[in-house]
Amino acid sequence: MKMAGKFISFEGPDGAGKTSVIKKISSELGDKLGDQLMVTREPGGNSISEAIRKIILNPVNTQMDVRTEALLYAAARRQHIVEQIIPALNEGKTVLCDRYVDSSIAYQGAGRQIGEKEVWQINQFAIDGLEPDLTIYLDIESAEGINRIMQHRTDEINRLDVEKLEFHQRVRQSYLRLQKNNSDRIKLIDASPALDKVVEQVRNTILQKYPNLF
Ligand SMILES: Nc1ncnc2c1ncn2[C@@H]1O[C@H](COP(=O)(O)OP(=O)(O)OP(=O)(O)O)[C@@H](O)[C@H]1O
Ligand SMILES: Cc1cn([C@H]2C[C@H](O)[C@@H](COP(=O)(O)O)O2)c(=O)[nH]c1=O
């Protein structure tokens with residue numbers, strides 16, 4: 001599905017630095033693009049998807065079935081696409097999205113072991129062909145990502161953050177497979193150096209696809 005705008009997603013294991021990178025890149029892009037830039041995140045972006053986010057990530061919901069979790073992410077995604085992403089792309093905007101369908105393949109498909117193919121299939125109904133034009137994959141060793149979250153972060157520690165190391169390792173391996181199999185769309189950035197260095201790599205990668213964006 002080709003649209004007027006540019007759809008750029010950011011992916012990676014927990015603690016890779018997506019939120020930090022998007023903050024810096026969006027502040028640079030915002031100077032040039034103004035209201036032609038939209039920054040958003042999954043699950044979330046509107047009141048229905050934010051409500052679903054609260055249910056999924058609430059640490060008290062220990063009884064949630066893994067397929068229920070996968071379906072809730074897909075439902076939040078659908079609402080986000082319809083309310084935010086498609087209108088913005090139709091208006092020619094550049095959309096920076098913190099996580100998209102690759103997160104479900106990696107976390108639910110591999111992390112929860114539902115199956116990557118199965119999770120891809122249920123998400124086809126939600127995304128109806130809408131894939132990012134470019135995906136920035138921030139790669140970090142699982143233990144390092146979790147360490148960053150536990151050491152530094154002052155906001156929410158959610159139900160997925162507290163999963164065991166093996167869960168996060170399955171997630172990372174799935175991301176690496178996705179990147180290898182979709183290397184035209186998904187670009188791998190080493191997220192282990194200092195933030196400014198990572199941002200520089202991300203900026204260069206975006207410029208390779210969109211030379212005049214910054
Ligand atoms: N390159 C970096 N080096 C060291 N620390 C970093 C780096 N990037 C981010 N951090 C720190 O790691 C923590 C997690 O970063 P951030 O929230 O940006 O990651 P994230 O990928 O969005 O995580 P999550 O998916 O769990 O929301 C923050 O405390 C942040 O300051
Ligand atoms: C979209 C999506 C997300 N997740 C997980 C990944 C994270 O642990 C949380 C989102 O929290 P963040 O701090 O905003 O990154 O949800 C997932 O398991 N499946 C998905 O499709």
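1. In helix H1, the residues Lys18, Val21, Ile22, Ile25 and Leu29 are buried, in what should be read throughout as a predicted model. The cover over these buried residues of H1 includes strand E1 (6–11), strand E2 (37–41), strand E3 (94–98) and strand E4 (134–139), together with helix H8. As background to such a pattern, an α-helix has 3.6 residues a turn, so residues three or four places apart point the same way. Just after H1, Gly34 adopts a positive phi of about 55 degrees.

2. Ligand 1 is surrounded by 15 residues, the closest of which are Gly17, Thr19, Ser20, Arg148 and His152. Two or more residues are given to this shell by each of helix H1 (18–33), helix H6 (142–152) and helix H8 (195–209). By class, the shell around ligand 1 is made up of five nonpolar, six polar and four charged residues.

3. Ligand 2 has 13 residues around it, and the closest are Tyr73, Ser103, Ser104, Tyr107 and Leu160. Helix H4 (residues 101–111) supplies the largest share of this shell, namely four residues.

4. The packing of H6 against helix H7 (residues 165–181) deserves a separate point. Two packed helices are described by the angle between their axes and the distance between the axes. For H6 and H7 the angle is about 120 degrees, and the axes lie 9 Å apart; H6 is therefore oblique to H7. The crossing in which H6 passes H7 is right-handed.

5. Which residues of H6 and H7 meet? On the H6 side they are Ser142, Ala143, Gly145 and Ile146, and on the H7 side Leu165, His168, Gln169 and Arg172. Sorted by class, the contact of H6 with H7 consists of three nonpolar, four polar and one charged residues.

6. Glu144 also belongs to helix H6, and a reader may ask why Glu144 is classed as partly exposed. The C-alpha atom of Glu144 is separated by 17 Å from that of Gly111, a residue 33 positions away along the chain.

Note on methods. Residues numbered from 1 in each chain as written. Chains lettered and ligands numbered in written order. Predicted model: local features only at pLDDT ≥ 70, side-chain atom pairs only at ≥ 80, totals over all residues. Near = placed C-beta within 6 Å. Nonpolar A, V, L, I, M, F, W, Y, C, P; charged D, E, K, R; others polar. Buried ≥ 20, exposed ≤ 12 C-beta atoms within 10 Å, placed from the backbone. Axes fitted to C-alpha atoms, helices over the stretch in contact; angles between N-to-C directions. Parallel < 35°, antiparallel > 145°, perpendicular 65-115°, else oblique. Left-handed = near helix turned anticlockwise from the far one by under 90°. Contact = placed C-beta atoms within 7 Å.
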